[in-house]
Amino acid sequence: MKKTVLIGVTGCVAIYKTCEIVRGLQKAGVRCKVVMTESATHFINPLMFRSLTREPVAVGLFDDKPGDPIHHISLSKEADVFLIAPCTANVIAKLANGIADDLLTTTALATEAPLVIAPAMNVNMYEHVATQQNMDTLKSRGVRFIDADSGYLACGDVGKGRLADPDVIVQATLEVLNVKRDLVGKRVLITAGPTVEPIDPVRYISNPSSGKMGFALAEAAADRGADVVVVSGPVSLSDPEGVEVVRVRTACDMLAAVGERFDASDIAIFTAAVSDYRPANPSDRKLKKGADDSALATIELVKNPDILATMGARKHAGQIVVGFAAETENVEENASKKMAAKNADMVVANLATEGLAFGADDNAASIVTAAGVQRFETMPKSELAHRILDAALEL
Ligand code: CTP
């Protein structure tokens, strides 16, 4: 599940930079929700943040929220981090003294999420002993401050008080969120979904793979900064943000698409449930009962290429190859054998039982490497995806 940063916005000229902060956090796979003070709405209409975040923007403590009468509490619980940027001297003073007289400050008092504050104000206000003491008080309570920059200020003065660079604020927030960016500069290739092998234009051989595991891995890798390409069989999932999705149908098409991209990848993960066999002579017209009885009753099959094994054989030094194994028995032993046979560095194995693996949102898995086995209980595929990437990076 995506982490949520609640962004508190107060009334200050630097507010325009908050738009970039929202975009930066979103690019790192973080969900943003905005709460504004009344003063902030004089600088920017809430519609701006509503459009950027595609989430409702909260302003008034007493605004009517159908089905959510205690809005500051629900907001405070949704936040994994509460970032206030820009934060005025007035709001810093209120927070230091536990004053909760609007939605933003009430939510800040109610939340158990870590508080990150990026101040912005006139240099004299910033250096005023009252503001400095208020900041010290908040720091002593564990609030993380992102220091204001020095320079030309909107009021014409020069000195400390300019809102820190949006990138610096995004990085500091991601650190507090514990969002990893350990795949920046890496290219990740993922196969996903089933393949479909035609018998005739209306019939085919396939399997119930939903593609969810592959797409969850793609999203997780992109969130961690990788350039990601997914080569996917037919699935009903939409493209994850920032991921290139190449849609194919058959195993042969998947092999061709993967073959073009494999050498450039640093990590290749094969989650696709590839049909092991395909009809030897697919018909280009619909086969009819009666006239084509013998062709329909006995379909001659030929073996499909093994995409993982083909790529495993041409793996170059430093490249990491990860396979999957859906088994109905001797899960880890079979996974180990597949790892050796297909020259993979790691195999993620799961029990192909009803309810888990195919189509489900959750999965339990064992990660098998030469170093041993790590077992994971049932968890959302989005979370398992991160564990798989962690294990691949440890290889
Ligand atoms: N795989 C592949 N191409 C194939 C078959 C499998 O790339 N033609 C990959 C899958 O994406 C997965 C791994 O190989 O990463 C294991 O697939 P699986 O179907 O479990 O194993 P098989 O090798 O087909 O063996 P078996 O069906 O005998 O279990």
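**Note on the predicted model**

1. Five strands make up an open sheet, ordered E2-E1-E3-E4-E5, with parallel pairing. Its edge strands are E2 and strand E5 (144-145), each of which pairs on one side only. The model is a predicted one, and the points below should be read with that in mind.

2. Within this sheet, strand E3 (residues 81-87) and strand E4 (residues 115-119) run parallel and are joined by four bridges. Opposite Leu 83 stands Val 116 in E4.

3. Thr 4 is part of strand E1. Thr 4 counts as buried because its relative accessibility is 5%, and the cut-off for buried is under 20%. Apart from neighbours within four places in sequence, the contacts of Thr 4 are Arg 31, Glu 78, Ala 79, Asp 80 and Val 81.

4. Helix H4 (residues 71-78) has His 71, His 72, Leu 75 and Ser 76 as buried residues. Viewed down the axis of H4, these fall within an arc of 130°, so they line one face of the helix. The cover over the buried residues of H4 includes strand E1 (4-9), strand E2 (31-36) and helix H6 (103-110).

5. Strand E6 (residues 149-152) and strand E7 (residues 158-162) run antiparallel, with four bridges between them. Ser 150 has Lys 160 as its bridge partner in E7. Five residues lie between the strands of this hairpin, where Gly 156 takes a positive phi near 105°.

6. Is Ser 238 buried or exposed? Ser 238 sits in the loop between strand E11 (227-232) and strand E12 (243-247). Ser 238 counts as exposed because its relative accessibility is 63%, and the cut-off for exposed is over 50%. Leaving out neighbours within four places in sequence, Ser 238 has contacts with Phe 215 and Arg 247. The C-alpha atoms of Ser 238 and Leu 395 are 31 Å apart, and the two residues are separated by 157 residues along the chain.

7. In helix H14 (residues 331-341), the residues Val 331, Ala 335 and Met 339 are buried. Around the axis they cover an arc of only 70°, which puts them on the same side of H14. On the face turned away from the buried side, H14 carries the exposed residues Lys 337, Ala 340 and Ala 341.

8. Strand E16 (320-327), strand E17 (346-351) and strand E18 (362-369) are among the elements that cover the buried residues of H14. Just after H14, Asn 343 has a positive phi of about 55°.

9. Which residues are closest to the ligand? The ligand is surrounded by 14 residues, and the closest are Phe 270, Ala 272, Phe 324, Lys 338 and Lys 342.

10. A backbone N or O atom of Phe 270 is 2.6 Å from a ligand oxygen atom. A polar backbone atom of Ala 272 also lies 2.6 Å from an oxygen atom of the ligand. For Lys 338, a polar side-chain atom is 2.7 Å from an oxygen atom of the ligand. Of the 570 Å² of accessible area that the ligand has on its own, the protein covers 75%.

Key
Residues are numbered from 1 along each chain as its sequence is written. This is a predicted model: local features need pLDDT of at least 70, side-chain atom pairs count only at pLDDT 80 or more; totals for chains, interfaces and linings use all residues. Side-chain values use heavy atoms; hydrogens and water are left out. Buried means under 20% relative accessible area, exposed over 50%, partly exposed in between (1.4 Å probe, protein chains only). Helices (H or I, at least four residues) and strands (E, at least two) are DSSP runs, numbered from the N terminus. The arc is that of the directions from the helix axis to the C-beta atoms. Contact means heavy atoms within 4.5 Å. A residue is near a molecule or strand if one of its heavy atoms lies within 4 Å of it. A polar contact is a pair of N or O atoms within 3.5 Å; within protein, one must be able to donate a hydrogen and the other to accept it, and residues adjacent in sequence count only if both atoms are side-chain atoms. Accessible areas come from the Shrake-Rupley method with a 1.4 Å probe; for residues, only the protein chains shown count as cover. Two strands pair if DSSP finds at least two bridges between them.
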